[in-house]
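Let us read a structure together, one feature at a time. Keep the picture open as we talk.

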Amino acid sequence: MSPLVNQFAEFLHDLQQLERAALSSHGSLIFDAFAKYTPYDVSAVYLRDVRGLALRLAAKSDACLAPEVLEGEIESASPTLDPEPRHLIPIRTIRDHFGLVALNGDAASEEDLQMLHAAGAFAGSVLNNHRLAQEMREGDFQLKYRLWELESLYDIGLSIAGTLNIDALADEILFRMISLINARRAALFLRDGDKFRVYRSFGDTRSDFLDDEITDRVVAAGEALTFEDASECIFPGCIATVAVPIKGNNAVIGVLAAGDRETREGDVGAFEANELRLLSLFANQVAIALENARLHKEALEKQAMQRELDLAATIQRDILPKSIPTVEGIELAALARPAKQVGGDYHAFFQREGTLTTIVADVSGKSMPAALLVSAFHAAVQLLFAEGRELGDIATELNRHIHSWSAENKFITMIMITIDPEAETIQFVNAGHNPCYVLTANHMEQLRSHGLPIGILGTSKYMTQTRPFAAGSAVVLYSDGINEAENIGGDEWGNEAFEELLVRSAGNTAVGLRDAIAAAVDAFVGEAPQKDDQTLVIARSAS
Amino acid sequence: MTEELRVAVDRKANGAVLYTKGYINNVGGEEIANRAYELMDDNVRTLLLNLRDTKIVNSIGISILIEIIEKMIDKGGSIAFCCLTPVIHKTFQIMGLANYAKIFDSEDTALKELGL
């Protein structure tokens with residue numbers, strides 16, 4: 001009796017191991033089983049390629065010269081092997097053909113031949129089970145993968161919509177996109193003027209900006225596009241690229257791009273319809289998230305700006321005089337009304353040896369830069385007056401200091417006056433400021449500017465001017481927020497109305513004059529918002 | 001950010017810990033598989049994968065991880081994961097990895113539970 005019959009159970013047992021073994025080891029398992037349990041020499045084992053119809057060499061003996069691939073259908077395959085096989089045992093089920101085993105040696109008896117074919121059929125059946133199990137696993141995996149895609153899209157919506165930090169958001173977007181479409185590279189481009197600049201990338205990009213041609217095509221398409229012909233335009237070395245516009249409320253606000261989709265077989269390939277659909281859905285979620293982040297950032301910037309304005313207002317409030325000084329022989333009144341947006345009006349009073357000096361100044365610009373310049377101006381003024389210098393010298397030194405300290409486009413208009421009640425004189429320096437008015441019983445004189453504003457030209461020098469200032473005279477200093485106050489129609493109150501009021505009210509006390517001017521300005525402005533700081537300083541010499 | 005995955009191995013008395021850094025995709029997954037199979041050939045039967053520096057895993061990377069788990073189970077061993085990002089943790093649950101491999105929040109807990 002043939003040993004094949006005696007050991008047939010063990011033979012089948014060994015063949016059964018095919019079911020759990022890896023695909024790559026099937027050839028050697030079959031080869032070993034036939035070599036071990038049959039009295040024949042095994043030349044070669046051919047198995048069907050999992051992806052095609054061809055029979056590929058899976059195992060062979062050292063003595064056999066076997067081609068790698070057998071052409072033709074299994075039914076008709078009659079391999080030309082050296083040595084020529086005496087028997088070809090098909091590995092098959094009724095429906096499917098999985099391969100064949102080529103045997104040499106003595107002619108098999110009819111009984112052995114039946115046993116060999118039975119073993120081949122058994123191996124075919126086991127391989128069929130193996131294939132079905134693989135297909136089930138693959139199907140299960142795909143099912144779970146589709147579920148994961150849906151969950152991911154849902155999660156992405158929740159996750160990125162809740163992320164308001166744009167840097168964290170960009171990372172989240174890239175990570176999610178790469179996972180979702182099995183990409184090797186990815187980049188998020190955000191609008192920068194007319195172009196789209198790389199904001200984040202996973203792997204290198206060809207350039208910091210999206211190629212113009214790609215931009216035009218993506219924006220025009222309005223949906224995910226593949227670029228197999230021009231893949232390298234975005235990612236160097238990529239063989240396939242996909243790009244999708246991120247559509248904001250009114251325009252395309254960014255572009256998502258991914259390169260080289262990985263395949264299960266271990267290489268990379270083009271993105272398929274499913275990935276394009278997923279990417280388009282994903283881009284919709286990203287658009288919402290980016291808009292949220294942008295609005296959040298704007299809100300934060302507004303808050304920061306408001307804090308800056310509040311701080312600037314505090315600085316300016318602290319600098320201005322808290323009260324009007326009492327000076328013998330001089331009645332004083334003042335008004336300081338900052339606009340909503342902090343400006344740069346300044347006024348101050350100094351007393352020295354029976355005289356009163358007052359300054360009204362207007363710093364160019366608004367907000368914190370203006371407040372800081374006012375602060376520097378204030379410090380310098382205080383220091384120079386404490387040194388006992390005369391007005392022209394103080395103005396010249398202030399100009400030199402502010403010119404060297406401040407930015408090129410910053411300057412200060414300023415008028416300084418010193419009233420000497422005993423000498424009945426008024427000294428002044430007007431550096432680019434509005435003229436101040438000197439009111440006497442029957443006359444109004446303007447003390448006009450006679451020099452450039454402070455800070456314009458570092459070498460400017462200012463000379464003190466002197467005029468008579470008889471007892472009972474008044475002087476009115478103001479900032480342009482007074483004479484240029486606007487009503488709701490955008491009309492200015494104007495110098496003419498201002499001067500008419502001054503003439504009419506010339507006999508008033510300093511406080512009365514101040515109140516009359518303020519009331520006239522308010523009546524003219526009406527409901528219009530105050531655009532600029534308003535400062536008034538009025539000094540009247542006792543009669 | 002980089003595309004490459006780096007793997008570091010820390011051999012323990014009763015197993016090993018693999019630390020991954022980077023993207024677990026096709027290439028990264030194969031790198032992990034190679035290291036894991038070397039360890040299995042060296043009779044390591046308890047393997048902990050610490051993914052604290054991995055933020056992305058794609059479906060191909062997941063399928064390779066599943067193959068590693070199955071191979072280890074065939075050999076009578078076990079594989080566990082620790083320090084997963086919330087996104088990867090959820091991915092593993094949906095894709096079924098959590099059915100065959102334990103997942104721990106921290107490496108300390110994992111080492112203690114696994115007896116490494």
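**A guided reading**

Q: What kind of model is this, and how are its parts numbered?
A: This is a predicted model, where local features need pLDDT of at least 70, side-chain atom pairs count only at pLDDT 80 or more, and totals for chains, interfaces and linings use all residues. Residues are numbered from 1 along each chain as its sequence is written, while chains are lettered from A and ligands numbered from 1 in the order in which they are written.

Q: How many helices and strands are there in chain A?
A: Helices (H or I, at least four residues) and strands (E, at least two) are DSSP runs, numbered from the N terminus. Chain A has twelve helices and 21 strands.

Q: What share of chain A counts as buried?
A: A residue is buried if 20 or more other C-beta atoms lie within 10 Å of its own, exposed if 12 or fewer, and partly exposed in between; C-beta atoms are placed from the backbone. In chain A, 38% of the 543 residues count as buried.

Q: Where is N182(A), and is N182(A) buried or exposed?
A: N182(A) sits in the loop between helix 5 (166-181) and strand 6 (183-192) of chain A. N182(A) is buried, with 22 other C-beta atoms within 10 Å. Its phi is positive, about 55°, although N182(A) is not a glycine.

Q: Which strand holds D260(A), and what is its phi?
A: D260(A) belongs to strand 10 (residues 252-262) of chain A. Its phi is also positive, near 55°, and D260(A) is not a glycine. D260(A) is buried, with 26 other C-beta atoms within 10 Å.

Q: At what angle do helix 5 and helix 7 of chain A pack?
A: Axes are lines fitted to C-alpha atoms, for helices over the stretch in contact, and angles run from 0 to 180 degrees between N-to-C directions. Helix 5 and helix 7 (residues 273-319) of chain A pack at about 175°, with axes 11 Å apart. Angles under 35 degrees count as roughly parallel, over 145 as roughly antiparallel, 65 to 115 as roughly perpendicular and the rest as oblique. Helix 5 and helix 7 of chain A are therefore roughly antiparallel.

Q: Which residues meet there?
A: Two residues are in contact if their C-beta atoms lie within 7 Å. From helix 5 of chain A come I166(A), L169(A) and M177(A), among others.

Q: Which residues have the most contacts inside the largest nonpolar core?
A: A nonpolar core is a set of buried Ala, Val, Leu, Ile, Met, Phe, Trp, Tyr and Cys residues joined through C-beta atoms within 7 Å. The largest has 80 residues, and M177(A), A243(A), L256(A) and A257(A) have the most contacts inside it. Helix 5 of chain A gives the largest share of this core, nine residues. Another core, of 59 residues, lies apart from it and includes L373(A) and F469(A).

Q: How many residues of chain A are in contact with chain B?
A: 17 residues of chain A are in contact with 15 residues of chain B. Helix 4 of chain A supplies the largest share of the chain A side, six residues.

Q: Which residues of helix 1 of chain B are buried?
A: They include N26(B), I32(B) and L39(B). The buried residues of helix 1 of chain B pack against strand 10 of chain A, among other elements. Helix 1 of chain B is followed by N43(B), with a positive phi near 70°.
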